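Welcome, and thanks for taking a look at this one with us. Please glance over the sequence and the model first, then read on for a short briefing.

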Amino acid sequence: MALHEQTRKAASEDSASRLLAWYDAHHRELPWRITPRAAAGGARPDPYRIWLSEVMLQQTTVEAVKSYFRAFVGKWPDVKALAAAPTEDVMKAWAGLGYYSRARNLKACADLVASQGGRFPDNEGGLRELPGIGAYTAAAIAAIAFDRPAAVVDGNVERVITRLYSIATPLSEAKPEIRALVERLVPRTRPGDLAQAMMDLGATICTPKRPRCMLCPVREDCSAILSGDPERFPVRLPRADKPLRRGAAFVAERADGALLLRKRPDKGLLGGMTEVPTTGWTARIDGATTADAAPFPADWRRTGQIAHVFTHFALELDVFHAQVKSDAPEGHFWSLAHDISGEALPTVMKKVIEAAIPGATKARPK
DNA sequence: CACGCGTGGGT
DNA sequence: TACCCAAGCGT
């Protein structure tokens, strides 16, 4: 081994040691983690809980995940229980968390694991084959739940690494280099804690804006600090701007307060979720034409407008409301008032319903 | 491989 | 306010 490689390796080991020491001193209590005491006693986290939390945490903040995680493990304490649940119930429990294909893949994954004895694969390759588990999640589960020396690379780790080594290459192109650097950091012992340490560091110290470098355990190793502007890492390519789409939504209310709903196709935007009838979302607002697009004729009254921002477009919907007295049209169903809060309604649809009938989506007693 | 895919909080 | 972005995956 060349001398400079030895030096680099030693530097990596120093950084890893500092990160682990910091992790021990700043342990964050999270619903899916075991206590440091239990870990010291040799206990391992439950792979089911690690898997569930990691899927929920994909592109989603810790705070948003906590209550959903608790609800899920309360309803379905293990993978067999989740496999036994109807997909519809899983979609309802996921409603509001976003990226709904995750919920469908979660259920498919649970079915697969349960059919193979109820145990998750204990290695990265086996995990990677399961639906909804990509490179990051496979590595995270392997390292955290099974103590495998996997290179866990998420957005936090990308930020920490590009700063630590002042990588000015745009992110998409820099990923292989980042991965190689992380592989060099992975310690022989406690690979899962190292992964969590780097993610915790990215979430609390090495933040996208105004990083708290003075509190950082690896500030002495960090190249970006020397530049005086660690915020400029990672370098990202400019994003395309968001188009605006428009449409109209129709909230039909029966005399007993039931609302007319329908299920969206399983694939695509809000796949498998429930919605109120709407026009297409590119439709122009042509005044009188919008109410004509309702699922059936009624005395539609425009009650307001809602705005919602998705990942790749913004949406404005004119909201119409009518009292109706009829059977549900083909493909639609009535949902009683006390059931609305339990439906698989994405946030945008709750906004629509609230705009027509304030309070309608709040939980109410039977 | 670039894009489609939600939502809420931070600045 | 208007961005920015978060413990990514599937196609």
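Let's begin with Glu 231, which is partly exposed because 13 other C-beta atoms lie within 10 Å; a residue is called buried with 20 or more other C-beta atoms within 10 Å of its own, exposed with 12 or fewer, and partly exposed in between, the C-beta atoms being placed from the backbone. This is a predicted model, in which local features need pLDDT of at least 70, side-chain atom pairs count only at pLDDT 80 or more, and totals for chains, interfaces and linings use all residues. Residues are numbered from 1 along each chain as its sequence is written, while chains are lettered from A and ligands numbered from 1 in the order in which they are written.

**Around Glu 231**

- Glu 231 sits in the loop between α13 (223–227) and β1; helices (H or I, at least four residues) and strands (E, at least two) are DSSP runs, numbered from the N terminus.
- Leaving aside neighbours within four places in sequence, Glu 231 is in contact with Lys 209 and Pro 211, where contact puts the C-beta atoms, placed from the backbone, within 7 Å.
- Lys 209 is 22 residues from Glu 231 in sequence, and their C-alpha atoms are 6.2 Å apart.
- The loop between α13 and β1 also holds Pro 234, and the peptide bond from Phe 233 to Pro 234 is cis, with omega near -5°.

**Positive phi values**

- Most residues other than glycine have a negative phi, and most peptide bonds are trans.
- Asp 147, in the loop between α9 and α10, has a positive phi of about 60° although it is not a glycine.
- Leu 270, in the loop between β2 and β3, has a positive phi near 55°.
- Are these two residues buried or partly exposed? Asp 147 counts as partly exposed, with 16 C-beta neighbours inside 10 Å, whereas Leu 270 is buried, with 20 other C-beta atoms within 10 Å.

**Chain A overall**

- Chain A has 15 helices and six strands, and of its 366 residues 35% count as buried.
- Its C-alpha trace spans about 80 × 45 × 30 Å along the principal axes.

**Helix packing**

- Helices α3 (residues 47–56) and α9 (residues 135–146) pack at an angle of about 145° with their axes 10 Å apart; axes are lines fitted to C-alpha atoms, for helices over the stretch in contact, and angles run from 0 to 180 degrees between N-to-C directions.
- Pro 47, Ile 50, Trp 51, Glu 54 and Val 55 of α3 meet Thr 137, Ala 140, Ile 141, Ile 144 and Ala 145 of α9.
- In α15, the buried residues are Val 348, Met 349, Val 352, Ile 353, Ala 355 and Ala 356.
- Seen down the axis of α15, these buried residues fall within an arc of 160°, so they line one face of the helix; the arc is that of the directions from the helix axis to the C-beta atoms.
- They pack against β1 (244–253), β2 (259–263), β3 (274–275), β4 and β5 (314–323).

**The DNA strands**

- Among the 22 residues around DNA strand B, Gly 98, Tyr 100, Thr 311, Pro 346 and Thr 347 come nearest; a residue is near a strand if its C-beta atom, placed from the backbone, lies within 6 Å of it.
- Elements giving two or more residues to the surface near DNA strand B are α4 (62–75), β4 (301–309) and α15 (347–356).
- Of the 28 residues around DNA strand C, Leu 57, Gly 134, Thr 137, Gly 155 and Asn 156 come nearest.
- The largest share of the surface near DNA strand C, four residues, comes from α12.

Methods: Two residues are in contact if their C-beta atoms, placed from the backbone, lie within 7 Å.
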